[in-house]
Amino acid sequence: MSRPRPLPEDAPDRLRLARTEGVGPQTYRRLLHRFGSARAALEALPRFGRGALVPPPPRAAEAEMATVARLGGRFLFLGLPGYPPLLDHLHDAPPVLALLGDPAALAPRAVALVGARNASAAGRRIAEDLAESLAGAGLAVVSGLARGIDAAAHLGALRRGRTIACVAGGLDQPYPPEHAALQARIAAEGGAVLAEAPLGTAPLARHFPRRNRIVAALALGVVVVEAAPRSGSLITARLALEAGRELFAVPGSPLDPRCRGSNDLIRQGAHLTESAEDVLAHLPEAPHPAPLFAPAPARPATAAPDDVVPDPAEPSGETSQVIELLGANPIAVDEVVRRCHLSPSAIQAILLDLELAGRIELLPGNRVALTVRGQDGS
């Protein structure tokens with residue numbers, strides 16, 4: 001295992017900023033860019049949030065850091081050495097990741113391998129064999145530690161190389177529970193386990209789409225093995241294409257519902273994949289500058305945790321609601337809260353994003369107005 005880099009001196013401040021409710025990945029970037037340091041951004045939050053954006057106390061960040069260290073883990077911070085470079089390119093890259101295992105596992109070129117949770121025996125075998133061969137070729141194999149194809153991918157990769165598991169909850173909340181031993185084995189055998197969520201976070205349904213974007217972004221290509229038309233694996237495929245990654249799919253029987261989604265990916269242009277050689281022949285040296293095609297999976301009527309459809313990556317409708325209430329004449333923030341069907345904390349977070357983007361001004365007396373740039377929509 002490689003020797004870990006020392007944490008930066010401002011690690012507690014960066015962690016507090018990242019853990020502040022209402023400060024998402026894009027806001028985190030803007031705050032650091034505007035104020036130059038996490039400490040300065042934390043000091044500025046009361047002015048922006050009018051008391052709604054309250055960072056956790058220093059002792060909470062120190063306690064989380066100490067607990068992660070006791071687990072044998074460490075933190076990786078956006079924009080600092082050790083952070084996965086491909087992940088850094090995401091517009092909503094996680095401000096901080098908790099890592100168990102060897103940071104060197106994040107260095108090799110990687111391929112993600114995902115698929116059905118209720119995979120067939122043949123699908124699991126294909127996933128294991130593909131992962132073993134890809135790991136043997138020097139690639140890290142990324143997956144989500146879920147049942148079925150994910151677990152098979154991790155197990156196959158461990159036979160000959162490294163694997164990276166991206167989990168939806170905290171590092172101390174393995175999911176599914178029966179994969180706790182697999183998570184520990186990945187960390188112990190030269191791989192890495194990554195979590196965006198804080199310690200203690202249960203892997204709820206809404207967390208899985210965020211996990212999926214990390215799986216897709218860490219790799220140069222994504223291989224789909226068995227995916228139903230409304231599966232979470234197709235969401236990972238779409239996220240991969242949006243990030244300019246190469247897409248591969250293993251063909252399956254047209255009689256098996258678990259293969260209809262992956263077969264449709266091939267129909268739309270994904271590389272038909274029967275062996276590791278099919279992946280190696282088309283794996284780029286770097287992500288594509290733009291997606292090649294973008295399948296749009298339908299939203300399932302019901303979705304299990306691993307099959308959650310994320311919100312579209314378009315401008316938020318909630319943000320539009322707030323902007324429509326604003327104009328050149330200042331209006332009280334309390335009036336915006338009264339007229340908008342959103343929580344006060346959600347509105348304060350939206351206002352912070354808009355001010356950091358230069359679209360509004362927060363004025364004395366807890367008032368807000370659009371800037372000239374914000375009025376013309378540029």
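**Contacts, helices and a sheet**

Mentor: Residues 24 or more positions apart account for 72% of the protein's contacts (heavy atoms within 4.5 Å) that have a separation of 6 or more. This is a predicted model, where local features need pLDDT of at least 70, side-chain atom pairs count only at pLDDT 80 or more, and totals for chains, interfaces and linings use all residues. Residues are numbered from 1 along each chain as its sequence is written, and side-chain values use heavy atoms, leaving out hydrogens and water.

Trainee: What share of the residues in the protein is buried?
Mentor: Buried means under 20% relative accessible area, with a 1.4 Å probe and protein chains only. Of the 378 residues in the protein, the buried share is 52%.

Trainee: How are H1 and H2 oriented to each other?
Mentor: Helices are DSSP runs of H or I with at least four residues, and strands are E runs of at least two, numbered from the N terminus. Helix H1 (residues 11-18) and helix H2 (residues 25-35) pack at about 135°, their axes 10 Å apart. Angles under 35 degrees count as roughly parallel, over 145 as roughly antiparallel, 65 to 115 as roughly perpendicular and the rest as oblique. H1 and H2 are therefore oblique.

Trainee: Which strands stand at the edges of the open sheet?
Mentor: Its three strands follow the order S10-S12-S11 with antiparallel pairing, where a pair needs at least two DSSP bridges. Each edge strand has a single partner, so one side is left without a neighbour in the sheet; these are S10 (331-332) and S11 (360-363).

Trainee: Which residue in S12 is the bridge partner of Leu-362?
Mentor: S11 and S12 (residues 367-370) run antiparallel, joined by four bridges. In S12, the partner of Leu-362 is Val-368.

Notes. Axes are lines fitted to C-alpha atoms, for helices over the stretch in contact, and angles run from 0 to 180 degrees between N-to-C directions. Buried means under 20% relative accessible area, exposed over 50%, partly exposed in between (1.4 Å probe, protein chains only).
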